[in-house]
Amino acid sequence: MLLPSLLIVSCAMGPDYLRPHIETADQFRMSQTEGQSIANLPWWALLHDEELQRLISQALSENKDLKQAVASVEEFQARLGITQMDFLPKMEIGANAPAFGTLGGFPNPGFPTPFSYFGQTTLNWELDIWGRIRRANEAVRADLLARKENQRAIILTLISTVAQSYFDLLQFDMQLDIARRALTSWEKSVAISRAQLQGGLTSRLDLDQFEAERANAAARVAGFERQIVQKENELSVLIGRNPLPVTRGHLLTEQLIPPEIPAGLPSELLQRRPDILQAEQILAATTARIGVSKAARFPRFSITGLLGVASPALSNLLLSGSEFGAGGIGLAGPLLNAQSLGFEQRAVEAQMKQALAQYEQTILLAFKEVEDALIAIRTANDQRKAQQEQVKALRSALHVADLRYEGGITSYVDVLLAKRNLFDAELSLTATHRFHLISIVQLYKALGGGWVP
């Protein structure tokens with residue numbers, strides 16, 4: 001009657017986990033488009049460049065950080081299995097043979113001693129009266145789910161990082177082409193100015209200015225060449241290979257930009273972003289461990305048993321009378337360490353408060369990242385259009401300056417200024433185009449992209 005009574009009154013100590021209530025707005029502050037969130041798209045439906053898709057696929061199969069995250073999930077799956085085994089009885093076997101001889105006789109041949117032959121089986125089954133084992137299983141299960149969300153977070157970060165690095169590479173390609181064209185143009189200007197200086201048609205000052213602009217363009221060329229190789233090395237590491245050249249697909253200006261980029265509802269973010277879900281599972285784990293620490297302050301009840309045979313002589317080991325056995329209810333509880341267990345409980349409760357604060361902070365940062373990406377997309381689009389008009393106007397200005405110079409109306413300083421302004425504007429336009437693409441990728445990541453309802 002004792003065992004059923006203990007099981008009936010058993011309970012799990014400590015608080016049950018409940019998701020904290022988080023206030024969310026009806027829509028994102030910077031969102032202007034309604035509809036299904038862009039995060040519902042798979043990454044290959046957002047990033048259409050075939051070479052970029054190939055790089056991402058290779059990264060998802062070979063990236064070392066992702067492999068480490070996968071192994072971490074496997075580790076905690078095994079740890080959960082270990083913890084679940086605590087629900088079951090523990091049985092051990094043992095045997096002894098006095099190989100070095102014995103001293104004296106043994107009046108009780110069925111009693112095991114180090115000087116007798118014996119074989120025995122022991123049983124110990126902890127009765128989870130206070131829910132210690134149940135709470136421990138809840139905690140380890142939450143740890144496992146947190147590792148799975150961490151794996152999702154690494155996958156999402158990996159996709160966005162490869163895409164951003166690829167767009168960086170395409171930007172450097174275009175800027176290198178612009179710098180090389182500028183260098184060629186300045187070299188022609190230097191040659192013309194040197195010929196004019198020899199003919200007495202210009203001053204040394206003009207030649208020095210052209211030489212300076214040519215050197216600036218040459219320095220830019222060297223800088224972009226260095227950045228291209230370093231970015232290729234970075235991409236190679238991301239896709240899990242030694243540094244090698246990276247094949248390009250479409251040009252930066254040929255990358256498809258979605259006409260509309262809906263962000264969805266803020267409330268969906270709590271269910272979608274892996275870092276938020278990971279922080280929540282960490283909170284759930286620490287909440288469960290409060291119950292573990294509370295239960296540790298109470299006595300542990302267990303069913304114990306012992307069964308075996310023993311005899312001073314090996315020949316009598318299996319004869320009648322050599323058997324022994326015992327069974328009963330075991331009780332073990334803290335005594336002098338009760339106060340330290342109380343401090344342990346307070347420490348775990350403080351860990352839970354830390355996890356709650358981290359969960360709330362993760363949500364705040366998630367909303368910030370979404371809003372930052374939304375305003376970046378909106379302003380980058382406007383900025384890109386304005387810079388396209390600027391480049392168009394500067395090309396026209398350079399054409400006019402060349403005509404005026406050839407007609408002897410103005411000095412070559414006007415041509416110099418027009419070339420310099422056009423060079424800088426073209427570089428800036430390329431950077432803005434890349435920023436627009438990266439802002440879309442950052443929004444996709446901030447929304448927890450790839451999530452399927």
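Rings of Phe, Tyr and Trp (its six-membered ring) are taken to pair when their centres lie within 6.5 Å, with planes under 30 degrees apart counted as stacked, over 60 as edge-to-face and the rest as tilted. Five aromatic pairs are found in the structure. The model is a predicted one, in which local features need pLDDT of at least 70, side-chain atom pairs count only at pLDDT 80 or more, and totals for chains, interfaces and linings use all residues. Residues are numbered from 1 along each chain as its sequence is written, and side-chain values use heavy atoms, with hydrogens and water left out.

One of the pairs joins F28 and F367, tilted at 55° between the planes and 6.2 Å centre to centre. Both F28 and F367 are buried (under 20% relative accessible area, with exposed over 50% and partly exposed in between; 1.4 Å probe, protein chains only).

A further pair is formed by W186 and F210, whose ring centres are 6.3 Å apart; their planes meet at 35°, so the pair is tilted. Both W186 and F210 are buried. W186 also has a charged neighbour, K419, which lies over the ring face at 5.2 Å from the ring centre. Such a charge is counted if NZ of Lys or CZ of Arg is within 6 Å of the ring centre and within 35 degrees of the ring normal. Likewise, R79 lies over the face of F76, at 6.0 Å from the ring centre.
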